[in-house]
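Good morning, and thank you for the time.

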Amino acid sequence: MSQSPQNITVLGSTGSIGVSTLDVLARHPDKYRAYALTANTSVDLIIPQIQRHSPRFAVMRDERSAQQLEDQLFALGHKETAVLSGEKGLLRVASDEAVSAVMAAIVGAAGLSPTMAAVTAGKKVLLANKESLVMAGHLFMEAVETSGATLLPIDSEHNAIFQSMPARYQSGKSTGLASEGVRRILLTGSGGPFRELPLAQLPLVTPDQACAHPNWDMGRKISVDSATMMNKGLELIEACWLFNTTADRIDIVIHPQSIIHSMVEYTDGSVLAQLGNPDMRTPIAHALAFPDRIDSGVGSLDIIATARLDFEAPDYQRFPCLRLATEAAAVGGTAMAVLNAANEVAVDAFLAGSIRFTDIPLTIEHVLAAKTIVEPDTLALVQAQDASARVLANRFIETLIRA
């Protein structure tokens, strides 16, 4: 007897991860249905997605965008999709009883509440929003355990680590890495577009240069994070929560080709790695079908054409954001939420042309030094720390602009 397609909510459908997710879903209409799509204010981008996938719901960030979307869908004669707005709408489609899995791909702190709602509802959560764990890792993982939700990582690095773990770990029956004979995790990163740029030129780089990633096609915010290597720092924090380990058991390795997505070293000296073309459809398809495998649309890796794989240690002088993230992980508490908030504000200011590329770590360091770090026991406290850190970051950026 054939089964009905699983209903999938895609939080952040117009971003790069969302677009890739819809591509994979479209390849398997017998298995999956796009039940709900959400976007920020990109009405023009979500309309063709709605026309293509006919979701039950579409959610926009604010009422104005929602009304605009509703009017345009009416003019097009599209009546199958109900339009919702705001956080209330996001929470509804993330926790809807009809939904089997949620792709959590809203970038930044804005994705925390709907992702947590999906976890609390016990959904299969495909986690592409690393900020949820960076900001509220303890609360998030506690909610996963309490609700019985299934958490599968989508970041290519964390998905690679997951794939390289023992079967017992993947099934959720492990008591920890040490009991599985895991010695350490090797978290790879390309080094971004400025890995070899003379340090004296870093203050002069433009937003377009920072967004020109050599290997991956990503949104502008994530691309800048890759250029500063803050993305790798956030991934280190995320890996600590996902794999129940500490930062001292995770080594960051610069791998310019982005072919090996990460590795796991075992106590017997074995090192298992997951390789593939740099295409996010691979981890998306893996997580969607887990523990089975489905076609992702990604071509075979031509290892002969690749020819070589290079590795080097990260340069913390070149990438001070990576140092700041590592230090925040060691401090713990709300330090990681503060780090993330200051980074989001600084990246926005850089992309707007208000500050220099090298002002991003200066802003983060200032805010971390100014904030009192506490142990968060509620999501509201985390969000309050996030909000106050943003105020401090904006004030500091104003001084940089006036200077």
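I begin with His-78, which is buried at a relative accessible area of 11%; buried means under 20%, exposed over 50% and partly exposed in between, with a 1.4 Å probe and protein chains only. Please note that this is a predicted model, in which local features need pLDDT of at least 70 and side-chain atom pairs count only at pLDDT 80 or more, while totals for chains, interfaces and linings use all residues. Residues are numbered from 1 along each chain as its sequence is written, and side-chain values use heavy atoms, with hydrogens and water left out.

His-78 sits in the loop between α3 (63-76) and β4 (82-85). Helices (H or I, at least four residues) and strands (E, at least two) are DSSP runs numbered from the N terminus. Which side chains does the side chain of His-78 contact? Its polar contacts are with Glu-80, at 3.3 Å, and with Thr-81, at 3.0 Å. A polar contact here is a pair of N or O atoms within 3.5 Å; within protein, one must be able to donate a hydrogen and the other to accept it, and residues adjacent in sequence count only if both atoms are side-chain atoms.

I turn now to salt bridges. The structure holds 21 of them, each defined as a side-chain nitrogen of Lys or Arg within 4 Å of a carboxyl oxygen of Asp or Glu. In one of them, Lys-232 pairs with Glu-157, and the closest N and O atoms are 2.9 Å apart. This pair links distant parts of the chain, since Lys-232 belongs to helix α11 and Glu-157 to helix α7 (residues 156-164), 75 residues apart. Both Lys-232 and Glu-157 are buried.

Another salt bridge joins Arg-220 and Asp-208, at 3.4 Å from N to O. Arg-220 is in helix α10 and Asp-208 in helix α9 (residues 207-210), so this pair ties together parts 12 residues apart in sequence. Arg-220 is partly exposed at 41%, and Asp-208 is exposed at 55%.

Within helix α10 itself, Asp-225 and Lys-221 are separated by about one helical turn because they are four residues apart. Their salt bridge has its closest N and O atoms 2.5 Å apart. Asp-225 is buried, with 1% relative accessibility, and Lys-221 is likewise buried, at 14%.

Finally, the backbone. Most residues other than glycine have a negative phi, and most peptide bonds are trans. Where does Met-229 lie? Met-229 is in the loop between α10 (220-228) and α11 (230-242). Its phi is positive, near 65°, and Met-229 is buried at 2% relative accessibility. Ser-54 also has a positive phi, near 45°; this residue is in the loop between α2 (43-53) and β3 (57-60) and is partly exposed at 27%.

The last item is a cis peptide bond between Phe-290 and Pro-291, with omega about 10°. Pro-291 is in the loop between α12 (281-289) and α13 (303-306). That concludes my presentation.
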